[in-house]
Every structure is written in structure tokens, then in C-alpha cells.
Amino acid sequence: MRFWRQLRWQIIGAQMLVVIVGVVTLSFTANLLIEQTIPTAQVTPVRTTVIQALAVAALAATIAGLTTSLLLVQIILRSLRNIAGSSQRIAAGRYDERVEVPASDELRAVAESFNQMAEALEQIEQRRITMIGNVAHELRTPLAGIEGYLEGLIDGVLPNTADTFLDMKQEVRRLRRLVDDLQTLSRVEAGQISLHFTTFDINDVIRRVVAQIQPQVLDGCLQMQFASHEHPLLVHADPDRVAQILLNLLGNAVRYTPEGGCITIRSVHTNDEVQVIVEDTGIGIAAEHLPFIFERFYRADPSRARTSGGSGIGLTIARHLAWAMGGDIRAASAGPGKGSTFTLSLPRAG
Ligand code: ADP
């Protein structure tokens, strides 16, 4: 009875059942009519005629039923086979595969959602390829630097002194930071980062990160402004991750603000949100770059950012961390040369 599990036989069976029920009902009704309305002498010839008519009707209904069932089955099976074939080709790595969209509403909906899924997979694959390209490109710069130092030392062009090794160490540190950032990025994007939520005063974290970044702010100024000095501004988040985000924002502000510029970090709050605003008077961000700066490896000015040691994924990590804590980060700038403002918002506690 395995064939009853096949769609083809189920549809044909259903049609035949309708034909059988129709014929039986008609014969029963015709018989009743004949017996009640036809004089006894004419019953037999009328019955014979009715039976013949019923036989012809049953045959016609069977042929029509079979033809329509087979046609219907053909249409459904062709779409299903198309989808099955395409999914196999996608599984084999052909992400540009799409299925033909049939005319019927239901099958069209299935085909369209299949095509949407295929498109999403193609985009993911595209991002994966771009990511590998970007990672290779990012690793090449510090590796080329280390190779250059080693070749210089081997050829005797560079002096075998502590300074040379310190310069080399700088490149190694850059490599390590990139690898660490990549690892963090893959973990935050996969949602695998462990967060330790507590309720704490955001102003304490601001003081801590400002003390940490202060040595890097040589000639410029770094100001703090708090929403309230007396009352703690409580948030429910992971204090270390918040510090990591703020260090990244402040680090960028330092990196992209030329000498003599100013950086301000301040806390403000609404009823349900606490915001930390990092504002600088630096190089600013052009409107066309603004929507993309949170994307992996996106740099408004690639050469400048790379030489200043940025990995290009700091903001991507920061935004994912903010999201994981129920917050967000937004960027704003009035344009090149007009400074930038980054706002971290977090859910307020208490
Ligand atoms: P990077 O390591 O290159 O700084 P990020 O992800 O931290 O990477 O930042 C991405 C890009 O956003 C930077 O390359 C830079 O173009 C822009 N950017 C970030 N912060 C600032 C800022 N404070 N001022 C101007 N541009 C900024």
C-alpha cells in the first residue's frame, strides 16, 4: 500500500471516489424514480436505457477525472521536483540557483519563499567570501612589516638593536590585536559572548575609561560631563563590556581628532534610557560614509585608518555588544572637519 502515500495516487483516488459516489447516488435515485413513476410494463426498457446512460456518464466522468488529476499532479510534481533539484544544487554550492515561479497562488508562494531563502544564502556566502578577503588583506599589512624587518636584519640593512626589535614588536602587537578582534567579532556575531549583568553607576565606568585613555590624549583636551554628580546613574548591563565599548569610542575619538582638538564624554538620561555621548572636534565623517561605518572593515579613509592602527571592526564589535545588552550605538557628524558624535544608549535600571 506504499503507492497510497504518493500524491499522484491520492489525487486520482480522490477523483475516482467522487465518480463512484456520484454513479451510486444517481443509480439509486433513478431506480427510485423508475419504480414510483413508470408503469410496470415499461420499467425494464427504461431501466436499461438509464443504465446505459449512467455507464456512459460514469465513463466520461472517469476520463475527465483521470485527465484533470494527472494534469494537476503534473503541475504540482513539476514544481516540487524543481524545488528539490534547486535545493540540491544550492547544497552543492551553486548559490545563484533560483526556481521558476509557477502561476498558481499556493505554488507561487512556495517558490517565492524558496527563492528568498536562496537569495539570503547567496548574500551570506558573498559576505563570507568578502570577509575572508578582508581578513587576508588586514593580516598582510603587519605580516609584510615583520617580514621587512626580518629581511633587513638578515641582509644587515637594519641594525641588530633593541629599537629594531621594539619596532618589530609593534607590528606583532598589531597582528595580535587584529586576531583578538576577529575572535571577539566572530563570537559576538554568533551571540556566544558571555555577559555578566549587574546594576551599576555608568558614571563610575566613564571615570575608569577616561583614566585609562588619558595618557593617549597628549596635547588635546578630554572632558567629562555627568548628568548628575550626586545621584548614581544606574544601568543594568555588563560593566566590563560597557567599558570596552567606551574605550573603543574614545580610542577612535583620539585617533581621528588632530592635535589641539577636544573630546567630551557625557552621560544623560531619559525615563527609561541612559546615554553616554562621546563627542569630538576631529575629522568628522562624510554623510555618504555614515551609514556604513558600523560594517565590518568599513573605513571612511582606508589609508589613514590603517596607518593609525585601526582594525576596521571596532565599531562592529561595539554595536553588537550594545545590542547584546539591550542597547544601541548611533553615529552622527555634521560632515568632514566638523567632528563626530557617538551615542551609546543602555536600558536604565532603578
Ligand atoms: P577603525 O579601527 O578603522 O577605527 P572602527 O570600526 O572603529 O575601525 O571605525 C570604522 C570607521 O569609522 C573608521 O575607519 C573611521 O573612518 C570612522 N570613524 C570611527 N570613529 C570616528 C571618529 N571619532 N571620527 C571620525 N571617523 C570615525
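Visitor: How many residues does helix α2 have, and how far does it reach?
Guide: In this predicted model, helix α2 spans residues 43-91, which is 49 residues, and from its first C-alpha to its last it reaches 69 Å, close to the 72 Å expected at 1.5 Å a residue.

Visitor: What happens just after α2?
Guide: Just after the helix, G93 takes a positive phi of about 105 degrees.

Visitor: OK, switching to the core: which residues touch the most other members of the largest nonpolar one?
Guide: That core has 49 residues, and I202, V242, I245, L246 and L250 are the ones touching the most other members. Its largest share, eight residues, comes from helix α6 (residues 239-255), and at least three residues come from each of domain 2 (108-189) and domain 3 (198-347).

Visitor: And what does V242 touch?
Guide: Leaving aside residues up to four places away in sequence, V242 touches F200, I202, V205, A237, M325, L344 and L346. A second, separate core of six residues includes I83, I90, V99 and A111.

Visitor: Now the ligand: which residues are the closest?
Guide: Of the 21 residues that surround the ligand, the closest are N252, R255, Y256, D280 and L315. A ligand oxygen atom is 2.8 Å from an N or O atom in the side chain of N252, and a ligand oxygen atom is 3.0 Å from a polar backbone atom of A300.

Visitor: Where is a ligand nitrogen placed relative to S340?
Guide: A nitrogen atom of the ligand is 3.2 Å from an N or O atom in the S340 side chain.

Definitions and conventions:
Residues numbered from 1 in each chain as written. Predicted model: local features only at pLDDT ≥ 70, side-chain atom pairs only at ≥ 80, totals over all residues. Heavy atoms only, no water. Core = buried A, V, L, I, M, F, W, Y, C linked by side-chain atoms within 4.5 Å. Buried < 20%, exposed > 50% of the residue type's maximum accessible area, 1.4 Å probe, protein only. Helix = DSSP H or I, 4+ residues; strand = E, 2+ residues; numbered from the N terminus. Domains from an automatic or database assignment. Contact = heavy atoms within 4.5 Å. Expected span 1.5 Å × (residues − 1). Near = heavy atom within 4 Å. Polar contact = N/O pair within 3.5 Å; in protein donor to acceptor, adjacent residues only side chain to side chain.
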